[in-house]
Amino acid sequence: MTHTPTGPRSRWSPWSLHGDGRSIHPGDVVRPDERLSWPRTLGVGVQHVVAMFGATFTVPLITGFPPATTLFFSGIGTLLFLLITRNRLPSYLGSSFAFIAPVLAAKAGGDIGPALGGLTAGDLSFNGIALGTAAALVIYHGMRLVARLRGTSPESRRGPEPEL
């Protein structure tokens, strides 16, 4: 993968233009802090919304949840994601087809409560494990990577001891 040099950032956008903004050379990667020309960026954004809308709207119809609620919380999740990443990584967070079978099995008795409880417990435990593992990996391997790039040892990251 190669990277085409980018132009300077404008004062109106947090992203810089990738190359000429019109073409991506084979093997090039558009980084998260870059964008294409505005018409191409909007086109990719519309394509992303069309792709996610199928899942975000179809999953609640299949499982019996209200689509409006799913769209609302999908929007809340997206806004939180954009705030946490400081809008450096534009994305839309939608629903997943992964939970259809467990939800339908939990609703087989006619009550939606067990399905909602299972979704909440599954989501909290999965996110806790995934985020904890990711944080541990970044902390452990990240310090070693930065130290290697700097040409120092991980133990010397604190700097010299002050003299008393």
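A pocket here is an open set of points on a 1 Å grid over the protein atoms alone, where a 1.4 Å probe fits, with protein on both sides within 12 Å along at least five of seven lines; lining residues have an atom within 4 Å of a point.

This is a predicted model: local features need pLDDT of at least 70, side-chain atom pairs count only at pLDDT 80 or more, and totals for chains, interfaces and linings use all residues. Residues are numbered from 1 along each chain as its sequence is written, and side-chain values use heavy atoms, with hydrogens and water left out.

The space in the largest pocket is about 1100 Å³, a volume being the space filled by probe spheres set on the grid points, which are joined across faces, edges and corners. Colour the lining by type: 14 residues are nonpolar, 12 polar and 1 charged. Asp, Glu, Lys and Arg count as charged; Ala, Val, Leu, Ile, Met, Phe, Trp, Tyr, Cys and Pro as nonpolar; the others, Gly among them, as polar.

Next, show α1 (38–63), α2 (67–84) and α4 (113–150), each of which supplies at least two lining residues. α4 gives the most, with 8 residues. Helices (H or I, at least four residues) and strands (E, at least two) are DSSP runs, numbered from the N terminus.

Now select α2. Its 18 residues reach 26 Å from first C-alpha to last, close to the 26 Å expected at 1.5 Å a residue; the expected span is 1.5 Å times one less than the number of residues. Pro-67, Thr-70, Ser-74 and Thr-78 are buried in α2. They sit on the same side of α2 because they cover an arc of only 70° around the axis, taken from the directions from the helix axis to the C-beta atoms. Buried means under 20% relative accessible area, exposed over 50%, partly exposed in between (1.4 Å probe, protein chains only).

The buried residues of α2 pack against α1; contact means heavy atoms within 4.5 Å. Turn to the other side of α2 for exposed Ala-68, Phe-72, Phe-73, Leu-79, Leu-83 and Ile-84. Then step to Arg-86, which follows α2 and has a positive phi, near 55°.

Last stop: Ser-37, in the loop between β2 (34–35) and α1. Ser-37 counts as buried because its relative accessibility is 15%. Show Leu-17 and Gly-21, which Ser-37 touches, not counting residues up to four places away in sequence.

Zoom out. The protein chain runs β-β-α-α-α-α along the sequence. Of its 164 residues, 18% count as buried.
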